[in-house]
Amino acid sequence: MEAEIQIADGGPPAAPDRPSLVGLDREGFAAVVETLGKKPFRAKQLWSWVYRRGARSFDEMTNLSKELRAALAENYTLDRPAVTVNQRSTDGTRKWLLGLADGSQVEAVHIPEARRGTLCVSSQVGCTLSCRFCHTGTQRLVRNLDAAEVVGQVMLARDDLGVWTAPDEERDLTNIVMMGMGEPLYNYDNVAKALRIVMDPEGIAISKRRITLSTAGVVPLIERCGAELGVNLAVSLHAVTDELRDEIVPINRKYPLDELLHACRTYPGLGTTRRITFEYVMLRDVNDSPAEARELLRLVSGIPAKINLIPFNPWPGSPYDCSTPETIRIFAGIVERAGYVSTVRTPRGRDIFAACGQLKTVTEKQRASERRAAAL
Ligand code: SAH
């Protein structure tokens with residue numbers, strides 16, 4: 001089977017004249033209902049239509065009066081971000097490239113597994129962090145996504161996977177990882193608003209235990225993330241000395257390893273059922289020696305932890321290679337013998353560039369070459 005790619009015509013959508021309800025929180029819904037002069041309980045019904053049932057039109061909302069439905073339709077939409085590219089890998093991984101109202105683009109990736117489905121969600125267009133091995137860091141344009149654009153990724157994944165009708169039985173979209181483009185803790189307010197919407201038990205209802213936020217180490221916000229949102233934390237460690245981490249994860253110059261590990265050690269709610277995931281990208285001859293594996297264990301000792309080894313996913317012009325399978329096996333063996341759950345993340349969706357900002361760039365290149373061809 002070949003990977004499927006659909007590219008929508010016409011580029012990004014024009015900014016709509018009416019705002020979408022998608023992305024509003026409980027207070028936003030209360031304000032909408034009040035503006036329309038309706039009783040507060042209507043907000044609850046509307047919420048359920050939008051976030052629990054995934055309604056695409058106001059007409060479906062049969063427990064609301066015709067008059068209210070008409071007033072809603074006149075003033076609001078239920079629009080999600082537009083999908084400009086929709087791809088399906090031969091291994092079932094799906095990827096959506098979203099065309100946002102200002103013409104910028106981000107991606108969301110869905111990874112189906114035997115008993116769960118994980119959606120990898122973006123928090124920013126591009127990223128300011130410039131991690132040396134990460135392709136997203138090479139993109140020029142950077143802006144925060146708003147809450148609607150973050151929630152919208154989850155909604156359109158549910159739309160496309162068709163999982164609104166029976167959310168309790170549905171195994172297709174059970175987990176969320178904030179591991180797409182961007183640094184979620186640099187966009188804390190919008191990400192927090194979006195995740196509260198996603199976690200609401202009367203709506204999308206994905207519990208905090210099934211949500212993982214990955215950070216490169218924005219130390220001052222880690223505690224808040226745990227206390228306010230209670231989601232799982234993943235930390236992009238990637239190096240065991242400040243010297244190397246300064247180079248490959250430059251935010252380390254601002255928040256060095258001892259501060260980062262202290263924030264991890266004191267992350268709210270840690271215990272036997274909640275562990276921090278330490279992500280460690282395997283870069284050949286850079287950070288992958290047995291001595292570094294042992295140092296990694298020393299650094300995280302005392303922290304309830306999982307260790308996630310990520311084979312480096314190379315991109316055109318990337319300055320590194322992936323560690324050899326044998327090196328990864330030895331590294332993983334050291335970590336496992338110390339009693340840590342370690343997972344070596346298997347690359348998924350490689351045929352659709354489902355890692356690290358790759359699709360966006362590939363598509364931009366395709367578009368540019370199409371434009372050049374058209375200009376000849
Ligand atoms: N800004 C957040 C989320 C980013 S992406 C963070 O830094 O944690 C999720 C993970 O993919 C991070 O651990 C990131 O370092 C890693 N990553 C980025 N580019 C990669 C590549 N080319 N190969 C393997 N992992 C990569």
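A salt bridge is a side-chain nitrogen of Lys or Arg within 4 Å of a carboxyl oxygen of Asp or Glu. You have a predicted model open, and a search of the whole structure turns up 18 salt bridges. Let's visit a few.

**Stop one: select Asp200 and Arg26.** These two form a salt bridge, with their closest N and O atoms 2.9 Å apart. Asp200 sits in the loop between α5 (188-199) and β9 (211-215), while Arg26 belongs to helix α1 (residues 26-35), so the pair ties together parts that are 174 residues apart in sequence. Is Asp200 buried or exposed? It's buried, at a relative accessible area of 13%. Arg26 is partly exposed, at 32%.

**Stop two: select Arg94 and Asp160.** Here the closest N and O atoms of the salt bridge are 3.1 Å apart. Color strand β3 (residues 94-99) to find Arg94 and helix α4 (residues 147-161) to find Asp160; the pair ties together parts that are 66 residues apart in sequence. Asp160, at 33%, is partly exposed.

**Stop three: select Glu247 and Arg132.** This salt bridge has its closest N and O atoms 3.6 Å apart. Glu247 is in helix α7 (residues 242-248) and Arg132 is in the loop between β6 (124-125) and β7 (143-144), so parts 115 residues apart in sequence get tied together. Glu247 counts as partly exposed at 39% relative accessibility, and Arg132 does too at 37%.

**Last stop: select Arg26, Lys44, Asp200 and Glu202 together.** Salt bridges with shared partners join these four residues into one network.

Technical notes
Residues numbered from 1 in each chain as written. Predicted model: local features only at pLDDT ≥ 70, side-chain atom pairs only at ≥ 80, totals over all residues. Heavy atoms only, no water. Helix = DSSP H or I, 4+ residues; strand = E, 2+ residues; numbered from the N terminus. Buried < 20%, exposed > 50% of the residue type's maximum accessible area, 1.4 Å probe, protein only.
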